[in-house]
Structures are given as C-alpha cells and as structure tokens.
Amino acid sequence: MKLIEDWKQAWKLKSVQVGAISAFFYGLILFSEQFLNVWNIIPQELKNKIPENAAEWIGMLVGVAMVLARLKKQPELHEVNQFVTVTAGHSNTDPGAVNGKIKEADLVVNFRNAVTHYLREAGLQVKTDGTGTKNDPLSAAVKLIQGSSVAVEFHMNAAASKQANGIETIALPKDKKLAQDLSKAVADALGSRLRGDNGWIDQSKSARGSLGYINAGGLIVELGFISNEDELAAYQARYWIAAKAVAKVLIEYEASK
C-alpha cells in the first residue's frame, strides 16, 4: 500500500479529523457498557485521586457513555422477562451508618457496582438503583424488584459494641438457602463469621421488624459491621473478592432455575 505524500500531516485534513471523530464515537457506542462496567468497579478513593482537569474530561466521557449505552438497541430487554436486581442500601441523601468519615452508603455502592460487573460479565440481565456513585432511595429500589428472578440489596450493620461482628442475610423463609449461601460467600471472602441461622435471619423473627425491600421479594445482605474496626478494614481490603463470590452464588442460583 502506497501512502499519500506528506501523510504525516494528514491529521490536518478535515476528512481525517471527521473520520477520527466518527471512529471514536463508534467505538464508544460499541463499548459503552464495558466502559461503564469498568468505571463502576473502580473504588471511589482512587477516583478522587484523578487530577481535576482530567476528571472533567473523564466525567464527560462517562456521561456520553451512559447516554449511548441507554440508546443502544437491547433486544434482551424485550425478549427476556427475568432479570436480577442489585441495589445499594440507603441513598445519596441518606448515608446510613457511619464510622468517622466512612459512610455505609458509599461502601455498599462500591459493592453493588462490583457485583453488577461480574453478573453482566457472565451475561445476566441486571437492573440497579444507579450507576457509578448514584444511589437512588429505597422507594426507587423496591420498584425494581417486580419481574426480577432475584433481588439483593447490600447494607452494613452497626452496633454500640465495637466487638459486634459477623455476616447475615435477612430474608423470608422461602429464600433461606439463598440467604445462607450469600452470607457464607461474604464471610469466607472476608474471614468473618455467620450470624443467625448459618447466615440467615428470618425477617418474621428479626428485631428490625418488617422491611419493605424484603416484603417486595428481595433479600438484604449485611456485609459486616462498619462499627467494628477489624471487620471494616477487612471489608475495605477485600470487598471486590466478596463481590465476586456473591456474584458466583447468584449466577449459580440463576442457572439452577
């Protein structure tokens, strides 16, 4: 193949510039979902270290990718009735439990994003209560449950005693086995213990009373105690491993149906 003369200056040509821009956006359209999935699993503390000038451009790319991902034809939304719902406890306006500057809502958003990434990587259709740092309130999360094959929301416990620890999943009796499997996956990954009945807390016998998310058909996984320094440190160091283990349980659960 013979190149044109002065091909090194070709970038100055309008046709080349337009072609490059077209190729960029075509690539963004093709890989918008993958880009968002990778962005979603990056811990917020790392995102905070991005230089301000670069963050503005990245923010713009994330926004464009979100729009393109939404506009892409997704026949599975019409051809598949079942999907998995994955949500984060509390919301952008409700931090939940706190330990110093560490907020429960921020921790569980990272976990939601990581689990969602692994589920979509396995080919599952997933609905969430937000992407990135977005975390819609409970009322919005509950609405996502209808029509889903399984719905899981993530929280962290807190107690006056700094020694309180352990993993539990609150659910109705019909979801006992799944609740136990989810709790065990988290406990094994974080090196923690199981609370309740091998990780299952029967909502009807829980001191928390009746929870709307569970009444709507979901399960609530308590990923440990934010008030326990050791458990919190283990969570921060290994949450992505726990998220992958949780995703594996959900993938196997879907495959068994």
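Asn-113 is buried, with a relative accessible area of 4% (buried means under 20%, exposed over 50% and partly exposed in between, for a 1.4 Å probe and protein chains only). The model is predicted, so local features need pLDDT of at least 70 and side-chain atom pairs count only at pLDDT 80 or more, while totals for chains, interfaces and linings use all residues. Residues are numbered from 1 along each chain as its sequence is written, and side-chain values use heavy atoms, with hydrogens and water left out.

Asn-113 belongs to helix H5, residues 104-121 (helices, H or I of at least four residues, and strands, E of at least two, are DSSP runs numbered from the N terminus). A polar atom of the Asn-113 side chain lies 2.9 Å from the backbone oxygen of Gly-132.

Turning to the sheet, six strands form an open arrangement with mixed pairing, in the order E4-E1-E5-E8-E6-E7 (two strands pair if DSSP finds at least two bridges between them). At the edges are strand E4 (126-128) and strand E7 (200-202), each of which pairs on one side only. From one strand to the next, the twist averages 25°. Within the sheet, strand E6 (residues 168-171) and strand E8 (residues 219-225) run antiparallel and are joined by three bridges. Thr-169 has Val-221 of E8 as its bridge partner.

The loop between E6 and H7 holds Pro-173. Beyond its neighbours within four places in sequence, Pro-173 is in contact with Trp-200 and Asp-202 (contact means heavy atoms within 4.5 Å). Pro-173 and Ile-201 are 28 residues apart in sequence, and their C-alpha atoms are 9.0 Å apart in space.

Next comes a pair of helices. Helix H7 (residues 176-190) packs with helix H9 (residues 229-255) at an angle of about 150°, their axes being 8 Å apart (axes are lines fitted to C-alpha atoms, for helices over the stretch in contact, and angles run from 0 to 180 degrees between N-to-C directions). Residues making this contact include Leu-182, Ala-185 and Val-186 of H7 and Tyr-239, Ala-242 and Val-246 of H9. By class, the contact of H7 with H9 has 16 nonpolar, no polar and two charged residues (Ala, Val, Leu, Ile, Met, Phe, Trp, Tyr, Cys and Pro count as nonpolar, Asp, Glu, Lys and Arg as charged, and the others, Gly among them, as polar). H9 also lies across strand E1 (84-88), strand E5 (150-157) and E8, running at about 165° to E5.

Definitions and conventions. Polar contact = N/O pair within 3.5 Å; in protein donor to acceptor, adjacent residues only side chain to side chain.
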